[in-house]
Amino acid sequence: MMRFIGIFFLPVIWMALTGDFSAPNFALGFVLSSLVLWVNRPVRGSVPLLYYLRKSLLWAAFLLFFLRELVLASLRIAWDILTPRHRMRPAIVAIPLDLESDMEITSLANLITLTPGTLSLDISPDRKTLYIHAMYVTDVEKTRQEIKDRFERRIKELFR
């Protein structure tokens, strides 16, 4: 029942925050609130309020983590462009995946692509390996482990 009320109450809050009380803005608020409630759906047996608080903190921490990664990668590329010596060592790296759902795999691939200096290339037909291109690879195993520890682990925390 609370979920049903939230789906219709949150768009009204959205309209009040944006100052636009039109039908298209209500529809946008409805879609956004449905998405937020779906992403933060409680696990059976957990306390919903504590679950939502924990999920919200995880999302905020992830957003800060990704912004930090984005800035550091951008600075690294800018430094490499502005200095006379290029430090690039490009490579294609196969990342074995522990992720299972399409949403998790797509999120990981998009985050890798959004980070400057890396690009998701392909996923194996069995969805167990993601192939990426990275500009700065000194050690393939270290790069593979960084992706798994930094991005994949956090995505599992967010979506499970």
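Buried means under 20% relative accessible area, exposed means over 50%, and partly exposed lies in between, with a 1.4 Å probe and protein chains only. This is a predicted model, in which local features need pLDDT of at least 70 and side-chain atom pairs count only at pLDDT 80 or more, while totals for chains, interfaces and linings use all residues. Residues are numbered from 1 along each chain as its sequence is written, and side-chain values use heavy atoms, with hydrogens and water left out.

**Whole chain**

Start with the protein chain coloured by secondary structure. It has five helices and three strands, and from the N terminus on the order is α-α-α-β-α-β-β-α. Helices (H or I, at least four residues) and strands (E, at least two) are DSSP runs, numbered from the N terminus. Of the 160 residues, 31% are buried.

**Stop 1: helix α1**

Select residues 2–18, which are helix α1, and find I13 there. I13 is partly exposed, at 34% relative accessible area.

**Stop 2**

Go to R54 in helix α3, a partly exposed residue at 46% relative accessible area. Show L158 as well: 104 residues separate it from R54 along the chain, and the two C-alpha atoms are 9.9 Å apart.

Next select R68 and E69, whose side chains meet in a salt bridge of 3.5 Å, N to O. A salt bridge is a side-chain nitrogen of Lys or Arg within 4 Å of a carboxyl oxygen of Asp or Glu. R68 is partly exposed at 44%, whereas E69 is buried at 8%. The structure holds eight salt bridges.

Move on to T83, in the loop between α3 (48–82) and β1 (91–96). Its relative accessibility is 12%, so T83 counts as buried. A polar atom of the T83 side chain is 2.8 Å from the backbone oxygen of W79, and a polar contact of 3.1 Å joins the side chains of T83 and R87. A polar contact is a pair of N or O atoms within 3.5 Å; within protein, one must be able to donate a hydrogen and the other to accept it, and residues adjacent in sequence count only if both atoms are side-chain atoms.

**Stop 3**

Select residues 102–114, helix α4. The expected span of a helix is 1.5 Å times one less than its number of residues; for the 13 residues of α4 this gives 18 Å, and the end C-alpha atoms are 18 Å apart, which agrees. Buried residues of α4 are E104, I105, S107, L108, A109, L111 and I112.

Which residues touch the most other members of the largest nonpolar core? Select I95, L108, L130, I132, I147 and F151, out of 21 residues in that core. At least two residues of this core come from each of α3, β1, α4, β3 (129–134) and α5 (140–159), and α4 gives the most, with five. A nonpolar core is a set of buried Ala, Val, Leu, Ile, Met, Phe, Trp, Tyr and Cys residues joined through side-chain atoms within 4.5 Å.

Then show D102 with R127: their side chains form a salt bridge of 2.9 Å, N to O. D102 is in helix α4 and R127 in the loop between β2 (118–123) and β3, so the pair ties together parts that are 25 residues apart in sequence. R127 is partly exposed, at 32%.

**Stop 2: helix α5**

Select E141 and R144, a salt bridge with its closest N and O atoms 2.8 Å apart. Both residues lie in helix α5, three residues apart, about one turn of the helix. E141 is partly exposed at 42%, while R144 counts as buried at 18%.

Finish with E152, also in helix α5, and buried at 2% relative accessibility. Last, show L99: E152 and L99 are 53 residues apart in sequence and 7.4 Å apart in space, C-alpha to C-alpha.
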